[in-house]
Amino acid sequence: MTRYVLRRLLGAVPLVLGIATIIFFVVNLAPGDPTVYMMTPGMSSEVVEQLRVNYGLDQPVHVRYVKWVAAMLTGDFGYSFSYSRPVLDVLLDFLPNTLILSACALALAFLVGIVLGTIQAVKQYSGLDSTLSVVLLFFYSMPSFWLALMLILMFSLMARNVWGWPIYFPASGITSTDYDFLSSGAQIVDRGRHLFLPAMSLALVLAAGIARYMRGSMLEVIRQDFVRTARAKGLPERSVVFKHALRNALIPVITLVGLYIPVLFSGTVFIELIFAWPGMGRAIVEAITQRDYPLVMAASFFFAIMVVLANLLADVLYAVVDPRIRYE
Amino acid sequence: MKKLFAFGLVGLAAACGGDEAGGPVSFSDPFCDDVIPRVQTWVAEQREANPVPDDPRYGGTAVLGSIGEIAQGLNVASSSDYSSVQHQMFVGLMTLIDYDEDIQPRPYLAESWEVSEDGTELTFRLRDDVYWHDGERTDAEDVAFTYRMVTNPETAFPNAAFWDYYVRGPEGVEVLDEFTVRVHLQPHSEFLNAWSTVAILPEHLLGDVAPTEIAQHPYGTVCPVGNGPFVFASHAPQDRWVFEANPGFPEGLGGRPFLDRYIYRVIPEPTTLLTELLTENIDVYLAPSPDQAARILDAEHLELHSFLFRNYVMVAWNGRRPQLADARVRRALTMGTNRQEIVEAILQGYGSVAHTSVPPFHWAFDPDIDGLQHDPEGAAALLEQAGWVDRDGDGVRENAVGDRLSISVKYNQGNQIRQDIAEIMQAQLAGIGVEIQPQVVEWGTLLQQINTPDLRDFDGVVMGWVTEFRLDDTDLFHSGRIDEPYAWAGTENPELDRLLDRLAVETDRDVAAPLWEEYQEALIEEQPYTFFYFSERLDAWNRRVHDVVMDQRGEWVNVREWYIDPGSR
Amino acid sequence: MAAGAESLSPATGVDASAGPRRRVVGGRGLSAALPGAPQLLAGRWGSGGAALLVWIGFLWVLVTRWDGVRDGWGGAWDERLAVASLILGVAAAWAWSWRDAVRPFHSRSVAVSQWDLAVRAFSRNRTAVAGLIVVGALYAVALITPVVAPFDPNLQGDLLTERYVGPSLMHPLGTDQFARDVLSRLMYGARISLSIGFVAVAISVTIGTLLGAVAGYLGGVVDTLVMRFVDMVISFPRLVLLITIIALFEPSIFLITAVLGLTLWPSTARIVRGEVLSLREREFVQAAVALGYSKPRIIFKHLIPNALAPVIVAATLGIGNTIVLEAGLSFLGLGVQPPTPSWGTMVDAGRQNLLDAWWLSTFPGLAIVFTVLSFNLVGDGLRDALDPRLRS
């Protein structure tokens, strides 16, 4: 297993380098460069040229490429134009926020998906079964930014100002502005409240797929001999489902974690913009509009690495949970 | 194995609720590591030395929400964006002078100034009680350093035009004594204006930084050290800036601000921002859209404030294009567009039709000017005079050679109002036989297309300018600058050249005023742009914040005098 | 269970039509004027009703919108297309019904192919059939929009009095910020959104199938190269790639469609390659090889047709996803550019004023949801129907 993981990791190196090359050329061959954003009236062509020199943009593309790759191999991702800081520092500010959000969304999605999928399997072909799958597909079919706005209107604006609910959820940010002055218990609650809506928006979209998979897996397990035996022994249905079938049905569902991580990262772009969540998705969109080349390249590169790792994780999980699969 | 899975799930869930509090991020940057503790020490000392006065107005936090970052932070040398400059002027740093409500210069960091008889020497006398937040005193060396930095071409200071009539570089500035500094210049109009915008940087911290590297220095957004009414406390990119009251701000300038903390939050989505304002999670909503005004007016706890701003929106016509070379065609395009309707419809009335680049509140504005009015028949007649007639009956005019009067109007992606303007022009000008083709272009690409002197790949482009209080259109319309980036219209008009040359150097407002009137007449005749409107800027705030003043000078003009209703903290 | 009636057992089919065959043929003359009537008479309510409804619906449009139809014939290409599809629709309903009645029903039921089984399984799935009906109706509306839409989608009303008018009789779905009719824009938007989805998926299916089949069959270096490239594109969050490309170049409907299509094909390629790898070992392919058929012939005639089932499912789901993705791009200002209406741009434009003019983004939003939902239901139905293990 260790050897397999190592081999996969080694195999990922050319992959990641290839991705980096594609990113570099897409970004650098596009029309427009960062200096156009810094121009104001009265700035002469010489000043603009000076800016290009200051940012190292006066060199030909292939020279910049070689420099960039060489620097990257030593862990230096360059300097972000728009944040005036080393790219790595900027990314390390954003990365944890995205990881927290994605992890919670994933947990929520699996929770909802597994519960509903199980219910659907137990009540196969009933009205509840098809209703649930249509409802889940309904959320899946929504543009996620629209779903997010609806959630804000309902659980933030209406809940507080119109319906007067005792609990409402703030529409933006990771913490309240008075976070530093809260007790540690209150801090956790505060974070949870801020997390709820964005995580929910992401999770509702994913839940449909998980529930579908769970339903299928559960149906397969229920037909198997050991479940029949359990039933034949006269165990109550609830115990059959939850004690015996559920555990086994969960195994293949685990592997979805790896598959859903790229989907999640795409989703965070919208969700982070709407909920003013300072994460990677926003950083990358912001960087693209600002033509912050080093940041765009490094951020996409990070995304790609995380996806490669997620895929690896999926394969490893598969091997771990299914004894029939053994990697050399 | 199953346990492992269950554990994983629980672990994920636990990570959501229970991750430890992310305190202030620790920086590995040597500059910041050095500077931050010194600021903390000094602020603590000043708190001891200057206890909060016994006044209920002191205390509380005001949170302001805006869709964009303070992009350059307090880095004066690389800033041109509005939020950054405003925070440098009024929050974190200090300018030598500032403007009063009537846009008259008044002392701020400089307690007085004088100009030599011949107008070539400007001498500032600084306050002696202003300290950088790390305890150093602000003195003449700081001013001289800032001057050298922003006039050095290697810095690539964005508003380089400020120094067009100043002697740039080290020769332009002398330190007379610790608090007296002199700069050399040629006499020109409104020469003090630059000093109301360009804040002073700390020489003792940045003196060793090379001009080419100042834009990338962590001073700007990671650990700025100012001398203004608020002390920088923290900045989480794309999230928030936290400023704390400066306990050592000079008594003579009002002393410590009333607010304990002022927080700037970045919330990119307007609907989210509005929700946060309505649910009282933010106190001030910077520049809501006119469409959101009604909702804000409905809410009892909110105040909606509007003021005529310095920015105008226009369509710049590329006079190099054959169909737009004739001023009559450009005038017809303006007359064929119902600009009043656009103001009413798109801005919900929050704006006033513009005829020239001179803002209505400015002393140079000529209130008697009529400008071009909406007049489709007149426009059609002008087009006919210019030789554009619909010869083949397809609804679009052609010239004698058969070229169609078809004009593309570009606008940048993601700007709803500019897009609206392009679309409305298209609909309205179709009525007089002009085909307008709205075309969206990504912002960076668009700038490149219109700014590159040998490209100029556009017919018309919807754009906006924010004017300084010192008006100067030389870069836009003077034929001598036709190969510089901003000569979009490619105007070559001797009358305009003459007026622009005179106006740039005329220091007496009484002499300049009639010239400005001539200039406005000439500009309307030439119509290099179809000027649409000066917009009114909207701002909304929670009524629990008192004494907020926002006007042409900016939104942060008196942030040090804002206070929170003591009953609602 | 209306649709299910079609899949009667062969015996019933024979009873109903073959025995008294003369009567049905005789009845043909009687019901020739009314499409669907023969099927209805035979008790096949689903197909008969559908044919009848299409016929009546299109005919109704032809009659009530006769002015539009007449003008449309001499108008732009899309108007001609609309008129042509109206006429063809009427004719097709009639022709199908007639042919179906003449051709003895049981003849189709004797040889039961995989596809017939799949069709039966599919038609038993009520939600999937409902989805298919919605999708069909959407494409029909999209085709004939120029004739049926009440207003020109880009026609601006009086900016002072007719902006942001809520749903009313005149404007059933209200007006937008330029006083344009939302219903008309929604109908025109259907054309854009559905076309983008369809074309992008067509691009990706074509490329993906070809490369997947070639890589799977040839193996070796080709396989390695193609699959490494596939890995690379898949390892990239697709949205980030889309944003980067579209933002850096000018967004146009062609660029968007092309980029959507060109970033989607790797997953198709993976699916096809997997199928081909297993098909390659099967007897009929081995036989073809032994007969000395050329490689292209084996790939196109033997491998691709047999690997298509999962591709069809993925394509159906892909159309839905693409429509949602286009909406997402619009939110970032990178979608189809105004004034061209696409559902995505409409939702996006409306979100600026979500609180006061709710109809602006709600209706296009719901249109997206129901369309994508339908595509997903159809896709799920197809997946179940095409997978022999899941047929019950």
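At roughly what angle do the axes of helix α11 and helix α13 of chain C cross? They cross at roughly 130 degrees. This is a predicted model.

**Two crossing helices in chain C**

- Helix α11 of chain C covers residues 220-234, and helix α13 of chain C covers residues 253-279.
- Their axes come within 9 Å.
- Angles from 65 to 115 degrees count as roughly perpendicular and those over 145 as roughly antiparallel; α11(C) and α13(C) are therefore oblique to each other.
- The crossing of α11(C) past α13(C) is left-handed.
- On the α11(C) side, the contact residues are C:Val226, C:Val230, C:Val233 and C:Ile234.
- On the α13(C) side, they meet C:Thr263, C:Pro266, C:Ser267, C:Ala269 and C:Arg270.
- An α-helix has 3.6 residues a turn, so residues three or four places apart point the same way.

**Helix α17 of chain C**

- Helix α17 of chain C runs over residues 359-386, which is 28 residues.
- From its first C-alpha to its last, α17(C) reaches 40 Å.
- That is close to the 40 Å expected at 1.5 Å a residue.
- How many of the 28 residues of α17(C) are buried? The count is 23, and the helix is mostly covered.

**A four-stranded sheet in chain B**

- Four strands of chain B form an open sheet, in the order β4-β5-β7-β6.
- The pairing in this sheet is antiparallel.
- The edge strands are β4 (110-115) and β6 (173-177) of chain B, and each pairs on one side only.
- From one strand to the next, the twist averages 20 degrees.
- Strand β5 of chain B (residues 121-126) pairs with β4(B) over five bridges, in the antiparallel sense.
- B:Glu114 has B:Thr123 in β5(B) as its bridge partner.
- Helix α4 of chain B (residues 140-151) packs on the sheet.
- α4(B) touches β5, β6 and β7 (180-184) of chain B.
- The direction of α4(B) makes about 180 degrees with that of β6(B).

**Chain A as a whole**

- Chain A has 13 helices and two strands.
- Its C-alpha atoms fill a box of roughly 85 × 60 × 40 Å along the principal axes.
- Chain A has 328 residues, and 50% of them count as buried.
- Take the contacts in chain A with a separation of 6 or more: 72% of them join residues 24 or more positions apart.

Technical notes:
Residues numbered from 1 in each chain as written. Chains lettered and ligands numbered in written order. Predicted model: local features only at pLDDT ≥ 70, side-chain atom pairs only at ≥ 80, totals over all residues. Expected span 1.5 Å × (residues − 1). Buried ≥ 20, exposed ≤ 12 C-beta atoms within 10 Å, placed from the backbone. Pairing = 2+ DSSP bridges. Axes fitted to C-alpha atoms, helices over the stretch in contact; angles between N-to-C directions. Contact = placed C-beta atoms within 7 Å. Parallel < 35°, antiparallel > 145°, perpendicular 65-115°, else oblique. Left-handed = near helix turned anticlockwise from the far one by under 90°.
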